[in-house]
Amino acid sequence: MEAINDKDLIKYGSLVTPDLVNMTKHGLEGELISTESRQARLDELKTSFEGALYTSAITMEASEIFAEGDRGFARIDGTVSLTPKQEKLSEFTQTVDLYLFYRKGKEHGWLTERSMAIMRPRSDD
């Protein structure tokens, strides 16, 4: 999350596999956004960074971690705080359930191979 908070695409790219599959859903009934490949994800992030109406800060805590051989899984609970760049917009917070599947590379350590995030408004906002 540090790479996304810092809007560091080079760092983010070094942490995922070339064949990364990323899926994000905003709300349980929301549209599923999916990207396949490291480059497609980097292009999506770059577009969102450049056109962002909000400054975001993400905090995460792993609630489950499993590793066996060269495969791993983590379930992460997080909070995304969004602060508007314009006065007419409101600040808000979302919760995120993040599921990450890892593959251990010989040279680069653990890399994210598959990820899925479900984002929803925080219930106490």
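**Aromatic pairs and salt bridges**

Phenylalanine 73 is buried, with 19% relative accessible area, because the cut-off for buried is under 20%. The model is predicted. Three aromatic pairs occur in the structure, and a search of the whole structure gives nine salt bridges.

**Aromatic cluster**
- Phe66, Phe73 and Phe101 are joined into a cluster by ring pairs.
- The ring centres of phenylalanine 73 and phenylalanine 101 lie 5.0 Å apart with planes at 50°, so this pair is tilted.
- Phenylalanine 73 sits in strand 4 (residues 71-84) and phenylalanine 101 in strand 5 (residues 92-105), so the pair ties together parts 28 residues apart in sequence.
- Phenylalanine 66 and phenylalanine 73 have ring centres 6.3 Å apart and planes at 20°, so they are stacked.
- Phenylalanine 101 is partly exposed, at 41% relative accessible area.

- Arginine 71 and glutamate 113 form a salt bridge, 2.6 Å from N to O.
- This pair links distant parts of the chain, with arginine 71 in strand 4 and glutamate 113 in strand 6 (residues 109-121), 42 residues apart.
- Arginine 71 is partly exposed at 40% relative accessibility, whereas glutamate 113 is buried at 10%.
- A network of salt bridges links Asp19, Arg71, Arg103 and Glu113.

**Other salt bridges**
- Glutamate 44 bridges to arginine 41, with the closest N and O atoms 2.8 Å apart.
- Both lie in helix 3 (residues 38-50), three residues apart, about one turn of the helix.
- Arginine 41 is buried at 10% relative accessible area; glutamate 44 is partly exposed at 25%.
- Aspartate 77 and arginine 75 form a salt bridge at 3.7 Å, N to O.
- Aspartate 77 is partly exposed at 31%, and arginine 75 is partly exposed at 26%.

Technical notes:
Residues are numbered from 1 along each chain as its sequence is written. This is a predicted model: local features need pLDDT of at least 70, side-chain atom pairs count only at pLDDT 80 or more; totals for chains, interfaces and linings use all residues. Side-chain values use heavy atoms; hydrogens and water are left out. Rings of Phe, Tyr and Trp (its six-membered ring) pair if their centres lie within 6.5 Å; planes under 30 degrees apart count as stacked, over 60 as edge-to-face and the rest as tilted. Buried means under 20% relative accessible area, exposed over 50%, partly exposed in between (1.4 Å probe, protein chains only). Helices (H or I, at least four residues) and strands (E, at least two) are DSSP runs, numbered from the N terminus. A salt bridge is a side-chain nitrogen of Lys or Arg within 4 Å of a carboxyl oxygen of Asp or Glu.
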